[in-house]
Every structure is written in structure tokens, then in C-alpha cells.
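Q: Could you walk me through reading a fold, starting from the whole chain and ending at one residue?

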Amino acid sequence: MYKKLLVAVDGSEVALKAVENAKALATATGGELLLLHVNNSAPESAQHKRIGIVADVPHTENLELVNEVLEIMAGYPVKFKLLTAVGHPATEILRSAEEHGCDTIVMGSRGLGSITKLFLGSVSSEVINKSELPVVIVK
């Protein structure tokens with residue numbers, strides 16, 4: 001466990017905390033990180049098109065996210081990859097974890113939404129409910 005962790009990153013403060021926590025877990029276990037950003041605001045025609053490395057995507061928001069993540073990962077002694085996908089965040093997180101053989105998903109919590117989502121956001125909740133892998137939620 002904790003040998004290959006998928007970390008969902010969206011640029012939020014809590015997602016960046018999730019990167020920090022995943023970095024500590026992977027460092028302790030000699031694991032590696034797959035840092036995934038899902039763009040769910042793409043045009044309808046692009047919803048199912050998967051994209052490779054975040055740095056190859058010429059969008060300012062992605063470049064800012066790459067810089068934030070690289071700052072956190074500075075000096076990290078183990079392998080990590082920055083990836084992005086287009087589509088529904090929970091679906092893409094689960095699909096990417098499976099495709100890349102991850103053993104754990106790490107993501108930030110959300111405190112917004114309806115009463116049923118009081119402590120977890122809809123994406124976090126959906127990933128927890130549908131994942132067959134352990135999910136670490138960081139707040």
C-alpha cells in the first residue's frame with residue numbers, strides 16, 4: 001500500500017494539502033505519485049478526449065497549477081508524473097487510478113454543498129463510494 005498513489009489536484013488549497021500529504025506517504029514507503037488534474041469545463045466535443053502531460057496543455061490555469069505542484073514537489077526523491085484528463089472529475093480519477101495501476105487515491109475534501117454533502121464534496125463522495133481502492137481524504 002502507498003506504493004503508487006493517484007492524487008487529484010485542482011489548484012484549491014485543500015488539493016495542494018493533499019499533494020503534501022501524499023508526498024509524505026510516498027516518501028515514507030518509497031512510492032510514486034501520479035498527480036491528476038481533470039478539466040471538466042472543456043467543450044462538449046472534447047469531453048472524452050484524454051490529454052497527456054499537464055505541461056503540454058497551453059492553458060494559463062494549467063500552467064499555474066503545474067508551477068504550484070512543482071513547487072511542492074521540489075526536492076522530492078521519488079518518481080512522479082503530472083497528468084490531466086477531460087471529463088467528469090470522479091469518473092476520470094477512478095479511470096486513471098485503474099489505468100495506471102494505483103493502489104491508493106488521495107484527494108482533498110470539500111465542505112460545500114447540500115446537507116448530504118456537508119463534510120465531503122460531491123467529487124470526494126463519489127470517489128469514496130465507487131472506488132475499490134483505499135481513498136485518503138485530506139482536509
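This is a predicted model: local features need pLDDT of at least 70, side-chain atom pairs count only at pLDDT 80 or more; totals for chains, interfaces and linings use all residues.

Q: What share of the 139 residues in the chain is buried?

A: Residues are numbered from 1 along each chain as its sequence is written, and side-chain values use heavy atoms, leaving out hydrogens and water. Buried means under 20% relative accessible area, exposed over 50%, and partly exposed in between (1.4 Å probe, protein chains only). Here, buried residues make up 42% of the 139.

Q: In what order do the elements of the chain run?

A: Helices (H or I, at least four residues) and strands (E, at least two) are DSSP runs, numbered from the N terminus. In this chain the order is β-α-β-β-α-β-α-β-α-β, with four helices and six strands.

Q: Which residues of helix H4 are buried?

A: In H4 (residues 122-130), they are Ser124, Ser125 and Val127. They sit on the same side of H4 because their arc around the axis is only 165°, taken from the directions from the helix axis to the C-beta atoms. The face turned away from that buried side carries exposed Asn129 and Lys130.

Q: And where does Pro134 lie?

A: Pro134 is in the loop between H4 and E6. It counts as partly exposed because its relative accessibility is 31%. Contact means heavy atoms within 4.5 Å; not counting residues up to four places away in sequence, Pro134 touches Met1, Asp103, Thr104 and Ile105. Pro134 and Ile105 are 29 residues apart in sequence, yet 6.4 Å apart in space, C-alpha to C-alpha.
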